[in-house]
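Please consider the structure shown below. The paragraphs that follow treat a helix, a sheet and a loop residue in turn.

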Amino acid sequence: MTLITAPDGLVVPPGEGRTLATAAQQVTFKVTGEHSRAASSFEVLVPPGFDVGAHLHTRSEELFYVLEGELDVLAFEPRVRTRDNWREWESATGRRSVRARPGTIIVVPPGCPHAFANATSEPVRMFFQASPPPDHERYFEELFEILNSGPQVDREAVAELRKRYDIEQLTPLTMHPVPASDAAPGA
């Protein structure tokens with residue numbers, strides 16, 4: 001009699017996983033390339049005022065799912081890629097950035113410009129999946145190492161890191177905390 005064995009699955013309870021944190025972001029690794037050949041999965045806490053900036057990946061596919069809070073998001077090729085404010089971009093079909101609320105899913109194929117920003121006064125929690133693994137895992141590990149290395153962020157090191165991990169930055173990544181009184185009510 002031959003015993004057939006299959007690999008065990010993975011169950012990650014709420015609040016579990018390896019967490020990396022800085023003032024700019026918190027990322028919890030939920031599923032890594034060690035457990036999946038398809039994608040790496042993360043839970044991301046986006047603080048008020050964080051804007052990842054419009055960017056694209058030539059090889060990666062990404063999926064974002066808003067769990068709590070609201071994000072301004074974009075996932076399209078604009079008529080014109082301006083360098084200053086992706087929120088003003090418009091696609092050839094008239095699409096513009098939108099406010100993503102809990103339950104919103106954003107799918108980003110390779111080559112598609114995309115962005116997200118938290119313009120509210122509350123943190124946003126989202127599920128993020130990137131394929132193929134382990135590119136985003138390694139990127140996050142190296143990024144958090146740079147961000148936690150001292151009081152001043154080495155912007156050149158971050159820019160070089162983003163290039164190495166197939167991230168073409170189209171508008172600036174910024175972190176401007178939003179005071180509670182400045183956030184749009186219900187926005």
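The buried residues of H1 (buried: under 20% relative accessible area, with a 1.4 Å probe and protein chains only) are His136, Glu137, Tyr139, Phe140, Leu143, Phe144 and Ile146. The model is predicted, so local features need pLDDT of at least 70 and side-chain atom pairs count only at pLDDT 80 or more, while totals for chains, interfaces and linings use all residues. Residues are numbered from 1 along each chain as its sequence is written, and side-chain values use heavy atoms, without hydrogens and water.

H1 covers residues 135-147 and reaches 18 Å from its first C-alpha to its last, close to the 18 Å expected at 1.5 Å a residue; the expected span is 1.5 Å times one less than the number of residues. Helices (H or I, at least four residues) and strands (E, at least two) are DSSP runs, numbered from the N terminus. The buried residues of H1 pack against strands S1, S2, S3, S6 and S11 and against helix H2, contact being heavy atoms within 4.5 Å.

Seven bridges join S6 to the antiparallel S11, and Glu62 stands opposite Ala130 in S11.

Thr171 is found in the loop between strands S12 and S13. This residue is buried, with a relative accessible area of 1%. Thr171 touches Gly53, Ala54, Thr82, Arg83, Asp84, Trp86 and Trp89, not counting residues up to four places away in sequence. A polar atom of the Thr171 side chain lies 2.7 Å from the backbone nitrogen of Ala54.

Methods: Buried means under 20% relative accessible area, exposed over 50%, partly exposed in between (1.4 Å probe, protein chains only). Two strands pair if DSSP finds at least two bridges between them. A polar contact is a pair of N or O atoms within 3.5 Å; within protein, one must be able to donate a hydrogen and the other to accept it, and residues adjacent in sequence count only if both atoms are side-chain atoms.
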